[in-house]
Amino acid sequence: MQIVGSRLAKTTESHVKSLSKNGTGRPMDYSNVQILNELNSDIDELAEMIKGFIRDQVTGFKKKGVVLGVSGGIDSAVALTLCVQEFGKENVYGLLIPEKESAPSSKALGAEICENLGVSYEEVPISPIIEALGIYEKKEQIIKRTCPEYDSGVHKTSLVLPDFLNQGLLNVPHIRLIKDEKTVARCRLKANDYLELVSLQNVKQRSRMIIQYMYAEKLNYAVCGTTNKTELMLGQFVKYGDGGVDFEPFADCYKTQIYALAKYLKVNEEIIKRPPSADTWSHYTSDEEFYWRMPIHIMDQLLYAQEHKLPVEVAEKNTGLPRDTIEKAWRHIDKVRDATDYVRIAPPVYYMSCKK
Amino acid sequence: MEQIKNDILDYLKNNSFMEREKTIDDSDSLTQNGILDSIGLLELIDYICERYSIEIPEDMLTPENFDSLRGITNLITRLAK
């Protein structure tokens, strides 16, 4: 995804104004705002606006339909439903793109929603690509180096960060070993190993991008992205991976709004209840454990309050968190945002007209 | 204490976004001054563990212990005893 910060801010502002109940275009009075109510309101209108956006993008690109990677998660389920409502099931193509470490439920739920919507779909496993690049082997070596007691026949693994609200610890990643659904070890990753691990894991999302474009070009379709605003603000996507798409219908919708859309669109309850995850570890690792470090309804309220420059008292009333925790969380979010600017920004271009 | 602080300062000048000419107070925030980012922090933790042959327990990986020269120096002094 390549989004310039100021453009995003402008889009967000105009979106919030357009959804405000007074409808006057004047700035809302945020002093008594109930953030979750605000995010859960006017969802029917939001769905229509997003469908209009999708149509504008696809027709603007002169494409005949939409290709979508269907992960079994809530974002792609909502995107698929909206695309089908806008273009009809004949002009939408679903791709299930699992790999060896994907949860079996991802494929099952992805297939189920495609079938429920009557969408043509295909399974294209990417494990052969990942294997050919030696990704699984290299990942095993890093895990073994980090946790010497690791036994691939015994343990499942995940990458986690400490809970922010309860522990207040630094953003230091650990490998977790799980045996019989119980955590049996947590080992701190060294910087070089962490960087290599991220580079290896990101090949999965980048391989999915390649597959989606292979089908999109064959069908003369556009690739629909599923990154939401919470993920965008936190840099929770892979540059040229799941961020490598033709348009992003949810990049101005908080995750909370995706849940509201899912309920409004009557998405399968099992998909709605499933904890969101990048699904790239042998032990199913939720986004709360690695990215948000707090429940999503808290994270979204903090992001919203920060975006709208709400006084800390308003954030306190909404989240129920003490002032110092909110201020720490905002500083943490600022750091994450700064560290992930590089992921969001389009490659800077040198313009010859700028030369002196 | 002073030796440890100078050692960390040298490390930061050679390996972080800190300019060589820049001076910082013992209590200045390393993150808010743009000296350390998230990866820089992981590298600093690795350096401290190796240089002083210590293991840092997870519950000591706090902003208070790592966001200033004073915090880092105190942490190393405690663990290297």
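**Close-up views of a predicted model**

**View 1. K266(A) sits in the loop that joins α11 (255-264) and α12 (269-273) of chain A.** The model shown here and in the other views is predicted. Most residues other than glycine have a negative phi. K266(A) has a positive phi, near 60°, and is not a glycine. Is K266(A) buried or exposed? K266(A) has 10 C-beta neighbours inside 10 Å, and a residue with 12 or fewer counts as exposed, so K266(A) is exposed.

**View 2. D279(A) lies in the loop between α12 and α13 (287-292) of chain A.** The phi of D279(A) is also positive, near 55°, in a residue other than glycine. Around D279(A), 21 other C-beta atoms lie within 10 Å. The cut-off for a buried residue is 20 or more, so D279(A) counts as buried.

**View 3. Helix α14 (residues 296-307) of chain A packs with helix α15 (residues 312-319) of chain A.** Two packed helices are described by the angle between their axes and the distance between the axes. Here the axes come within 10 Å and cross at roughly 160°. An angle over 145 degrees counts as roughly antiparallel, and α14(A) and α15(A) are therefore roughly antiparallel to each other. The crossing of α14(A) past α15(A) is right-handed. Which residues of α14(A) meet α15(A)? They are I298(A), Q301(A), L302(A) and A305(A), and on the α15(A) side the residues are V314(A), A315(A), N318(A) and T319(A). The contact of α14(A) with α15(A) holds five nonpolar residues, three polar residues and no charged ones.

**View 4. Four strands of chain A form an open sheet with parallel pairing.** The strand order is β3-β2-β1-β7. β3 (120-123) and β7 (222-223) of chain A are at the edges with a single partner strand each, so one side of each has no neighbour in the sheet. Strand β1 (residues 66-69) of chain A pairs with β7(A) in the parallel sense, over two bridges. In β7(A), V223(A) is the residue opposite V67(A). Helix α4 (residues 74-87) of chain A packs on the sheet and touches β1 and β2 (92-96) of chain A. The direction of α4 makes about 165° with that of β1(A). Helix α5 (residues 104-117) of chain A lies across β2 and β3 of chain A, at about 165° to β2(A).

**View 5. Chain A touches chain B.** Chain A gives 12 residues to the contact and chain B gives 14 residues. On the chain A side, α9 (191-219) and α16 (323-339) each supply at least two residues. The largest share, three residues, comes from α9(A). This side of chain A has seven nonpolar, two polar and three charged residues.

Notes:
Residues are numbered from 1 along each chain as its sequence is written. Chains are lettered from A and ligands numbered from 1 in the order in which they are written. This is a predicted model: local features need pLDDT of at least 70, side-chain atom pairs count only at pLDDT 80 or more; totals for chains, interfaces and linings use all residues. Two residues are in contact if their C-beta atoms, placed from the backbone, lie within 7 Å. Ala, Val, Leu, Ile, Met, Phe, Trp, Tyr, Cys and Pro count as nonpolar, Asp, Glu, Lys and Arg as charged, and the others, Gly among them, as polar. Axes are lines fitted to C-alpha atoms, for helices over the stretch in contact, and angles run from 0 to 180 degrees between N-to-C directions. Angles under 35 degrees count as roughly parallel, over 145 as roughly antiparallel, 65 to 115 as roughly perpendicular and the rest as oblique. A crossing is left-handed if the near helix is turned anticlockwise from the far one by less than a right angle, and right-handed if clockwise. Two strands pair if DSSP finds at least two bridges between them.
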